[in-house]
Amino acid sequence: MGIDFGTSGARGMVVDEEASIQAQVRYPFQDSPGAVTPKIWQEALFVLVQQIPDRLRREIKAIAINGTSSTVLLVDAAGSPVDAPLLYNDARGSLVLEHLRSIAPPNHTVLSATSSLAKLLWMRQQSSFIEARYFLHQADWLAFLLHGQLGISDYHNALKLGYDVEELKYPEWLENLQIPIQLPKVLTPGTPITELRPEIADKFGFRRDCLVCAGTTDSIAAFLASGAKLPGEAVTSLGSTLVLKLLSRTRVEDARYGIYSHRLGDLWLTGGASNTGGAVLKQFFTKAELESLSREIDASKASELDYYPLLKVGDRFPINDPNLPPRLSPRPDNPVEFLHGLLESIARIEARGYELLQQMGADNLSRVYTAGGGAANDIWSAIRARHLQVPVVASVYTEAAYGTALLAMGGGIKGEQE
């Protein structure tokens with residue numbers, strides 16, 4: 001079973017040995033992400049589990065959970081949160097960036113206002129810190145509710161905490177901070193941690209030997225679901241923003257552009273994210289309009305309109321400029337031409353992003369899988385393929401919960417062999 005905690009809700013998926021989906025369940029969050037508390041996460045987790053048919057629950061061998069990257073919380077010795085969590089996009093860490101720059105190596109992944117380490121240093125200054133014993137990521141805490149062991153994470157979630165994913169240890173500069181709290185023990189994603197707590201197994205009718213495995217982040221889980229496996233294969237996520245991920249034999253890092261690499265077995269998953277994307281399209285068109293107007297675009301012809309579609313000033317990748325203004329003019333009267341210009345311009349930004357990753361040493365792009373809402377737009381896919389000059393296909397599966405179920409499946413197999 002894979003469980004995905006995203007920004008708008010939680011989802012669960014159960015797959016069999018052939019990786020075929022046997023059940024899917026969901027729990028939408030009613031409130032905005034900022035109003036969703038650990039209590040609601042806990043409720044979502046157990047409601048999802050409860051929704052899986054009894055006969056399937058009895059057969060589940062392993063469970064893994066993904067959470068949003070850099071959503072973090074402090075807990076006491078019993079695992080209870082001592083304060084509200086800081087969400088993935090919370091930039092309070094900007095207040096400690098100056099201090100962090102004097103400690104971390106230049107251009108390091110942690111040198112971002114939203115990094116887990118920046119959040120931890122901000123939390124350290126709060127009065128509630130004295131009650132805290134462990135610093136956990138969202139996925140770590142949710143897994144703890146199932147297996148009962150505090151202080152365990154995975155190297156995908158721990159990357160933005162400063163964990164060295166090449167050497168597989170916390171670096172010396174981080175140890176030197178002497179943070180008076182337990183940093184998580186870091187495992188390879190998918191590694192079996194231990195069996196379910198007996199009371200959880202009995203309450204929900206799981207096998208007593210069902211394993212809980214180390215998790216991952218939501219965006220890596222979506223990559224795992226896509227079907228991309230070889231160096232040079234990539235996944236573009238066309239959601240409200242534009243996220244690129246390219247599988248490479250070389251690790252590529254540059255904090256100036258927000259480029260960092262996650263370890264994926266013997267390979268590196270390198271990528272960046274732009275603020276352009278579907279949120280800008282939604283500002284001008286309804287879903288129905290996007291579908292109907294797209295059909296009138298000739299994808300083989302390039303639009304002459306040169307936009308940089310943003311909702312507000314600033315982008316990081318592929319152009320690092322916090323003052324970059326949105327460029328959305330001239331706006332033609334014909335909505336088909338306007339939409340063509342927007343889709344074409346986002347495709348240009350995507351192509352420029354992959355060019356930048358390759359210039360920095362990543363493997364040459366060979367194929368792009370597409371996830372997110374934009375994957376369903378065939379006209380846009382054709383425009384993008386014209387710019388990217390490689391095959392553009394829809395991801396085999398797009399749900400992060402599916403990718404996390406595959407991770408649990410690997411963990412379940414490992415557990416059996418041991």
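A salt bridge is a side-chain nitrogen of Lys or Arg within 4 Å of a carboxyl oxygen of Asp or Glu. The model is predicted: local features need pLDDT of at least 70, side-chain atom pairs count only at pLDDT 80 or more, and totals for chains, interfaces and linings use all residues. Residues are numbered from 1 along each chain as its sequence is written, and side-chain values use heavy atoms, with hydrogens and water left out.

**Exercise 1.** Describe the contact between domain 1 and domain 2.

*Solution.*
1. The assignment, automatic or from a database, gives domain 1 as 2-219 + 402-409 and domain 2 as 229-395.
2. The C-alpha centres of the two domains are 28 Å apart.
3. Contact (heavy atoms within 4.5 Å) joins 13 residues of domain 1 to 14 residues of domain 2.
4. One salt bridge is counted between the domains.
5. On the side of domain 1 that touches domain 2, four residues are nonpolar, six polar and three charged. Here Ala, Val, Leu, Ile, Met, Phe, Trp, Tyr, Cys and Pro count as nonpolar, Asp, Glu, Lys and Arg as charged, and the others, Gly among them, as polar.

**Exercise 2.** Identify the partner of Glu166 in a salt bridge and state the separation of the closest N and O atoms.

*Solution.*
1. The partner of Glu166 is Arg251.
2. Their closest N and O atoms are 2.7 Å apart.
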